[in-house]
Amino acid sequence: MSTFTWFSGRSPALTEQQIERRQQLAETSTLDERPLQQQRFVVLDLETTGLNMRRDQVLSIGAVVIDNGAIDLGQLFECTLQRDGHQASASTLIHGIAPSEIAKGEEPAEALLAFMEFVGDSPLLAFHAEFDQRMLARALKQSLGYRLQHGFFDVAEIAPLLCPKASPNLHGLDGWTQHFGLQVLQRHHASADALVTAELALILFSKARQQGIDSLPALQQQLNSRRRQRAHSI
Amino acid sequence: MSKADDFAQAGKTAVLQNIHGTVEFLQKFPPFNQMDMAHLAYLVENCQLRFYGEGETIIKPTDGPVEHFFIVKQGRVHGERPHSARRGTETTFEITTGECFPLAALIGERATRTEHLAAEDTFCLLLPRAIFIKLFAQSNALRDFALRGVSSLLDQVNQQVQLRAVETLGAQYSLDTRLRDLAMRQPISCAPGTPLREAVKLMHEQHVGSVVIVDAGRKPLGIFTLRDLRRAVADGSAMDQPIDSLMTQSPFHLAPDASAFDAAIAMTERHIAHVCLVENEQLCGVVSERDLFSLQRVDLVHLARTIRHAGRVETLAALRGDVRQLVDSMLAHGASSTQITQLITLLNDHTVCRVIELTLEDLGDPGVPFTWLVFGSEGRSEQTLHTDQDNGILFEAANAAEAAAIRGRLLPLAQEINRRLATCDFTLCKGNIMAGNPELCLSRQEWAQRFNSFVQQATPENLLASSIYFDLRAVWGETQGCEQLRIGLLQQVSGNSLFQRMLAENALRQRPPVGMFRDFVVARKGAEKDTLDLKVQGLTPFVDGARLLALAHGIGACNTLERLRALVQQGVIEALDGAAYEEAYHYIQQARMQQHQLQARSAQPYSNRVDPDNLNHLDRRILRESFRQAQRLQSSLATRYQL
């Protein structure tokens, strides 16, 4: 039987066990110098109630691991979060998760703890990562009182950096997926989207190595200088 | 519910989603489409997905024993190995979406012999070896595929397929049965000094039709059969005469590991009814025609004999139906294309000989010895049921005047033979390559002149002619003249590099229908739309290539497979290449025969065209690799002759 410990104010209610698990979560470290092919990454895709980063909520988490340059099909994460009173909305049509399925889902604190345990100290990759980063950070803060500090890399930003010859009109996960002729098993399903994003990442890592950008710090540096250039040109 | 369970459960949903998608993808391809769902899910759960950029090496010989089973999820993989004739590498095969590699190395627990490269950006699923082995043991579908798909194991698999055919049809129908298994009882034998009476008594008591006469070390000295007894009685031989004075000396023998097919062929060729089995120079069994007779519904030996003794051409024509039936049942029972072409050639030879003999009886002997020559596929002993007449006559003459006189006497006979052969299903040759044509009824000198002109004046017509006439064989009459002609021909060709080069150019005209990006290159329009020609595009490159190399290296054999083997023996082509060519040729020929069989059954005209889309995935793949071997043979010719 669980004992509840109540915090005052807006802090979330967590069991002792959950607090202990939160404290056990891995510290994030600085960017690893090793080649991209030798690292572990977690590729993430969130389905949410909408696109408003202040109000909307995370509905499901799908994640795929890239370890030593390969996607391990036995090591996948997916979880639907329980959200009371969630109503069918416009984005139900996109992600296809029925309200009944969400009501059945995992309790959010449990789900997020399990996910962060799965992530460990690995850097995260996502398509349009800023959105996933902010949504995840807010969910972690609200449900766990945990501050997300993991490094996030945006596949949508890395792709045009490493494929300068690709059309500037390429947009979105669908655009890049088509560009590389990838097949998505079921688009707008968190884990299927995570898988195709991971496949995209494998292609990009291979290109990064060909271009001599073979570590996270080197990649970060290239991304920064591209950002500066773009800021300049605007 | 514990936290660990929750986690496992949460993971499981995702696993199910993405695993399910990958399983669905794999289910479009063999052998995965035949595997149990549980095996397939287990396979996918244990896979890694890896990306290889264009040109990147996936595995190479120096990596050591292969650690993974690779499935191409997307993209193309090329097998490259060092070029046999020049520097650099050549592509030996192509693997595309849904196909897997490197089976032979994985099963053989060794390194791959071929470097595998990503021909374009490629994703592969990698299954660790340990898991593959586990699945290999549990999944019949995977095991069958792995064994069948491996080119070097193809022969073994053919055997398995035949064994399976035998299992379903009963062992008594297999021509691959070892003679050891067929000759179950101890052979009946006696000493050379045994009186005739004793020997016959022994045969009578043992219910056998033959007795083998052996020395003290059980080495066979002779055989005495019921046929010999008939002759002895007719000649009035005394019953106490020693058997060795009446026996047939040095009886024909085979090793006990030879097949029923070998024995049937030997009996048909030699007109004998018994074959001794000898191991380490000791008699260990006897196989009789009757032992073989129980093997087949349509008996080869019996059929050959009936053809040989047919009294009228009409009978011979009627027997053609039996030949077709025999081929049909042999194909159904898993006989190889080589066995079948050998058998058809044998029976066709018998038919031709009999037609000639009957025509001689009817029209009277012209009083000049002559040799009946056959050319083209008949000359190479590679006939299928679908066959044209390509024949000629060779005779000896002292000078041109005598030759003309003899020709005048032989031509009516030759024309009648051509006509009668046509009634026996040997279609008249559209190009008039027939003995009844005065240009093909020649003395040995005239033939030699004609062949020389083909070699000296390499016009397109002459090159075409050489590809028909230089595959020649004597079917009836003295064979010596034909062999002399061949020796002269080989001398002419081996000394003429210009002619060889022209032949090489000619051999490159028919390109195997394998495209770079698609499976096959098929006809684009007309009635032949979407089909490819197994004979012209598949077999001809091997036949032309083997002919050229054989002629250039003084090899007298005409059969394509015999030529390839002789070329390997002489070190002209590498043993590995030779084996691959042979296998590929064999496969295409088999596919062609099966096609003919289907056409005959549905009363359609014979055609060599096949629509690759009608083949199952595995057969398509083997066919494509066979065509690729033809391509390799051509590119080696191009290098050799600097074309």
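Reader: How many residues does the contact take from chain A, and how many from chain B?

Author: The contact takes 28 residues from chain A and 25 residues from chain B, where two residues are in contact if their C-beta atoms, placed from the backbone, lie within 7 Å. This is a predicted model, in which local features need pLDDT of at least 70 and side-chain atom pairs count only at pLDDT 80 or more, while totals for chains, interfaces and linings use all residues. Residues are numbered from 1 along each chain as its sequence is written, and chains are lettered from A and ligands numbered from 1 in the order in which they are written.

Reader: What makes strand 5 of chain A and strand 1 of chain B a pair?

Author: Two strands pair if DSSP finds at least two bridges between them; strand 5 of chain A and strand 1 (residues 48–52) of chain B are joined by three bridges and run antiparallel, so they pair. Within this pairing, Ile71(A) has Leu49(B) as its bridge partner.

Reader: Why is strand 17 of chain B called largely enclosed?

Author: A residue is buried if 20 or more other C-beta atoms lie within 10 Å of its own, exposed if 12 or fewer, and partly exposed in between, with C-beta atoms placed from the backbone. Five of the five residues of strand 17 (residues 391–395) of chain B are buried, so the strand is largely enclosed by the rest of the structure. Both of its faces are covered, with Asn391(B), Ile393(B) and Phe395(B) buried on one side and Gly392(B) and Leu394(B) buried on the other.

Reader: Which strands does strand 17 of chain B pair with?

Author: Strand 16 (residues 371–374) of chain B pairs with strand 17 in the antiparallel sense over four bridges, and Leu373(B) stands opposite Gly392(B) there. Strand 18 (residues 441–443) of chain B is joined to strand 17 by three bridges and runs parallel to it, with Ile393(B) opposite Cys441(B). From strand 17 the chain crosses through helix 16 (residues 400–423) of chain B to strand 18 in a right-handed β-α-β crossover, a term used if, with the strands pointing away from the viewer, the path from the first strand over the helix to the second runs clockwise.

Reader: How do you know that Pro541(B) is buried?

Author: Pro541(B), which lies in helix 21 (residues 534–552) of chain B, has 28 other C-beta atoms within 10 Å, and the cut-off is 20 or more, so Pro541(B) is buried. Leaving aside residues up to four places away in sequence, Pro541(B) touches Ala507(B), Gln510(B), Pro512(B), Ala630(B), Leu633(B) and Gln634(B).

Definitions and conventions:
Helices (H or I, at least four residues) and strands (E, at least two) are DSSP runs, numbered from the N terminus.
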